[in-house]
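Me: I would like to learn how to read a model feature by feature. Could you take me through one?

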Amino acid sequence: PEDRPLEVELGSAEGVWLFERATEDPTRFHLGVEIRELIVDKANAEARRRGLFGTHVRSVFANMSVDMPRLFPAGRVSRFFLNFPDPWWKSKQQKRRVAEEGLISEIHRALLPGGEVYVNTDIFDIALESLLLFELESPERFENLAGSWSFLKANPFRAMSRRDQQCRDDGSPVWRLGFRKIPLS
């Protein structure tokens, strides 16, 4: 719905994060973008079962690397979440990485002034790459919510993705980043 703040999880999988965020903050609309159509169908079926579909939560089948301009008008999104992106370990798979300059530009375009983007990962190299993308290549577009070249100390939301829960349960560290959009002058 156009009258409520929009939060978007890019790579939402089964929608675990979306359902938790909808419970945590029902004043917002929570949209998941997922490239696996069968998973989108399952997430939407679960949202219907919980009575959240269309009113609080929805997942869409799309490729965030190419569909962002079609999905989000400029200045529409209040928050983006990238929860545990880019599980591509091998160098030959690096071309599949989601966190790259084109996506960062699209996130900036779609965020409203002062909007936020959060990245959570259990892979330190991906955390560093994300930090570099936002701080080194985009300093005029984003400010780090934790302070320059720093990670967030804790999850600022109660919601946890499935991977977040696994990391908590097995004691693995999670690297958390948060950035606020700086409007371009």
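What follows is a dialogue on confidence, fold, cores, salt bridges and backbone angles.

Me: What should I know about the model before reading it, and how are residues numbered?

Reply: This is a predicted model: local features need pLDDT of at least 70, side-chain atom pairs count only at pLDDT 80 or more, and totals for chains, interfaces and linings use all residues. Residues are numbered from 1 along each chain as its sequence is written, and side-chain values use heavy atoms, with hydrogens and water left out.

Me: What is the average pLDDT of the protein?

Reply: pLDDT is the predictor's confidence in each residue, from 0 to 100. Where pLDDT is low, the predicted coordinates should not be read in detail. Here the protein averages 91, and 91% of the residues score at least 70.

Me: How many helices and strands does the protein have?

Reply: Both are DSSP runs numbered from the N terminus: helices are H or I with at least four residues, strands are E with at least two. This protein has 6 helices and 7 strands. Their order from the N terminus is β-α-β-α-β-α-β-α-β-α-β-α-β.

Me: How does the radius of gyration of the protein relate to the globule rule?

Reply: The radius is taken over C-alpha atoms, and the rule is 2.2 Å times the number of residues to the power 0.38. The protein has a radius of 16 Å, close to the 16 Å that the rule gives for 185 residues, so it is as compact as a globular protein of that length. Its C-alpha trace spans about 45 × 45 × 30 Å along the principal axes.

Me: What share of the contacts in the protein joins residues 24 or more positions apart?

Reply: Contact means heavy atoms within 4.5 Å. Of the contacts with a separation of 6 or more, 77% are between residues 24 or more positions apart.

Me: What percentage of the residues count as buried?

Reply: Buried means under 20% relative accessible area, exposed over 50%, and partly exposed in between (1.4 Å probe, protein chains only). By that rule, 49% of the 185 residues are buried. Helix α1 gives a local case: its buried residues are Val16, Trp17, Leu18, Phe19, Arg21 and Ala22. Their cover includes β1, β2, α2, β3 (57–61), β4 and α6 (162–170).

Me: Which residues have the most contacts inside the largest nonpolar core?

Reply: A nonpolar core is a set of buried Ala, Val, Leu, Ile, Met, Phe, Trp, Tyr and Cys residues joined through side-chain atoms within 4.5 Å. The largest has 29 residues, and Val8, Leu10, Phe72, Phe80 and Ile107 have the most contacts inside it. Elements that each supply at least two of its residues include β1 (6–10), β2 (29–34) and β4 (77–83). A second, separate core of 12 residues includes Leu52, Phe81, Tyr118 and Phe157. Beyond its neighbours within four places in sequence, valine 8 contacts Leu31, Val33, Phe72, Val77, Arg79, Phe80 and Phe81.

Me: How many salt bridges does a search of the whole structure find?

Reply: A salt bridge is a side-chain nitrogen of Lys or Arg within 4 Å of a carboxyl oxygen of Asp or Glu. The search finds 20. Start with glutamate 24 and arginine 21, at 3.1 Å, N to O. Both lie in helix α1 (residues 16–24), 3 residues apart, about one turn. An α-helix has 3.6 residues a turn, so residues three or four places apart point the same way. Arginine 21 is buried, at 2% relative accessible area.

Me: Where do the partners glutamate 101 and arginine 141 lie?

Reply: Their closest N and O atoms are 2.5 Å apart. Glutamate 101 lies in helix α4 (residues 101–110) and arginine 141 in the loop between α5 (124–135) and β6 (142–144), so the pair ties together parts 40 residues apart in sequence. Glutamate 101 is partly exposed, at 27%, whereas arginine 141 is buried, at 9%.

Me: What is the phi of alanine 13?

Reply: Most residues other than glycine have a negative phi, and most peptide bonds are trans. Alanine 13 has a positive phi, near 50°. Alanine 13 sits in the loop between β1 and α1 and is buried, at 17% relative accessible area. Tryptophan 149 also has a positive phi, about 55°. Tryptophan 149 is in the loop between β6 and α6 and is partly exposed, at 42%.
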